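Hi,

Here is the structure I promised to pass on. Have a look, and my notes follow below.

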Amino acid sequence: MYPRVECNRRKLLQNVETVSGMLHADNKIMCAVVKGFCADDSVMHILEESSCDWLADSRIEDLAKLRTKKKRLLIRLSQLCEIPEVIASSDVSFESEQKTIRALQAEAAKQDKTHGILLAIDMGDLREGIFYKNLAEIEEAVALVLQSPNLSLLGVGTNLGCFGGVKTDLNNMQGLMDVASYIEQKFPVKLPYISGMSTAAMEMIENRTMPARVNHGRFGEAWLLGYDSVDNRRLNYLHDDVFIFKAQIIELKDKPSQPIGNVGSNAFGEHVEYKNEGVMKRALLAFGTQDVNYEYLIPLDEGIEFIGASSDHTIISLHGPKRFWVGDILSFKLKYHALLHLYTSKYVKKYIV
């Protein structure tokens with residue numbers, strides 16, 4: 001059935017083992033981020049066989065369904081409305097708010113559990129975390145965790161590249177280590193983990209220039225898609241076709257390149273100008289923006305040009321010598337946003353090959 005996403009089991013496992021091996025060679029922890037495929041059970045079975053150390057997700061619903069021996073990390077700051085689920089379904093979480101830390105302590109005591117905290121530090125990407133210069137606030141958060149009997153301060157971590165596009169480098173990694181050292185000087189504690197690595201740090205990992213003390217990372221795009229979008233770089237030692245999207249042609253017609261009649265906005269309220277390119281061979285594919293935005297798809301067939309999409313249809317123009325027919329299946333490699341959207345859509349079938 002189509003549309004569908006196919007996950008290549010062999011290539012996925014090779015990618016995970018490659019990244020894990022690079023990290024383990026320098027005594028670093030590989031935390032596999034599984035939100036890209038919504039922690040799909042069939043893919044998780046492959047990961048469970050792998051040598052990655054931890055599993056991470058931003059959605060507690062995904063972590064809740066995991067049956068794993070690996071440590072589970074919630075990488076989005078906890079919502080106050082989901083505190084019971086966070087304690088029940090994750091072992092460690094990123095946190096920055098004292099109100100949330102107090103709520104986690106109360107719930108962990110209620111469930112008779114010990115919950116790990118990685119204190120989120122904002123090193124300049126300006127998404128989550130206590131800003132690294134606000135040392136007084138960092139001290140207050142650390143003191144609160146240390147005085148909470150059901151919480152354990154496991155370390156500090158930062159996110160780079162996802163919002164501000166800040167690249168991972170020696171300066172911000174040194175800054176994160178300085179925060180950890182400051183905490184250890186102020187309090188009788190040794191932090192086992194400094195979590196500063198992600199796909200955005202792959203170049204430093206490749207060159208083995210990542211400081212030894214930065215020993216924990218959360219990786220998704222690298223092993224999923226063989227790509228580093230922050231540096232706009234194909235990681236040639238990893239497969240970039242682990243996941244392939246396939247869709248079927250449902251109509252194939254020669255039509256004008258411009259709409260005919262009085263033109264207003266389309267179904268999404270957009271006013272689009274189309275060039276006059278004469279009559280073109282146009283195909284309709286059986287997926288739309290409800291499933292995935294075509295801008296995040298990379299056609300594997302030559303001579304395919306995306307024209308536009310509605311919620312249930314995607315329109316392409318066909319060029320070149322290759323003949324296409326109604327019923328033909330077109331294949332696409334994926335960018336990270338495409339993978340997220342396709343696995344979220346219940347209308348897209350998922351297969352392991």
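This is a predicted model: local features need pLDDT of at least 70, side-chain atom pairs count only at pLDDT 80 or more; totals for chains, interfaces and linings use all residues.

Which are the buried residues of H7? They are Asn172, Met173, Gly175, Leu176, Met177, Val179, Ala180, Ile183 and Glu184, where buried means under 20% relative accessible area with a 1.4 Å probe, protein chains only. Helices (H or I, at least four residues) and strands (E, at least two) are DSSP runs numbered from the N terminus.

Residues are numbered from 1 along each chain as its sequence is written, and side-chain values use heavy atoms, with hydrogens and water left out.

Back to H7 (residues 170-186). Its cover over the buried residues includes strands E6 (115-122), E8 (151-157) and E9 (193-197) as well as helix H6 (135-146); contact here means heavy atoms within 4.5 Å. At the start of the helix, a side-chain oxygen of Asp169 comes to within 3.0 Å of the backbone nitrogen of Asn171.

Now the cores. A nonpolar core is a set of buried Ala, Val, Leu, Ile, Met, Phe, Trp, Tyr and Cys residues joined through side-chain atoms within 4.5 Å. The largest one has 91 residues, and Phe37, Leu47, Trp223, Phe243, Phe245 and Leu297 have the most contacts inside it. H7 gives the most to this core, with six residues. There is also a second, separate core of 13 residues, which includes Val33, Ile75, Phe94 and Tyr193.

Leu47 belongs to helix H2 (residues 41-48), where Val43, Met44 and Ile46 are buried along with Leu47. Seen down the axis, the buried residues of H2 fall within an arc of 155°, so they line one face of the helix; the arc is that of the directions from the helix axis to the C-beta atoms. Beyond four places away in sequence, Leu47 touches Val16, Ala32, Val34, Phe37, Cys52, Leu55, Lys70 and Trp223.

For the whole protein, I count ten helices and 19 strands. Buried residues make up 51% of the 353 residues, and the C-alpha trace spans about 75 × 45 × 40 Å along its principal axes.

Cheers

Terms used. Buried means under 20% relative accessible area, exposed over 50%, partly exposed in between (1.4 Å probe, protein chains only). A polar contact is a pair of N or O atoms within 3.5 Å; within protein, one must be able to donate a hydrogen and the other to accept it, and residues adjacent in sequence count only if both atoms are side-chain atoms.
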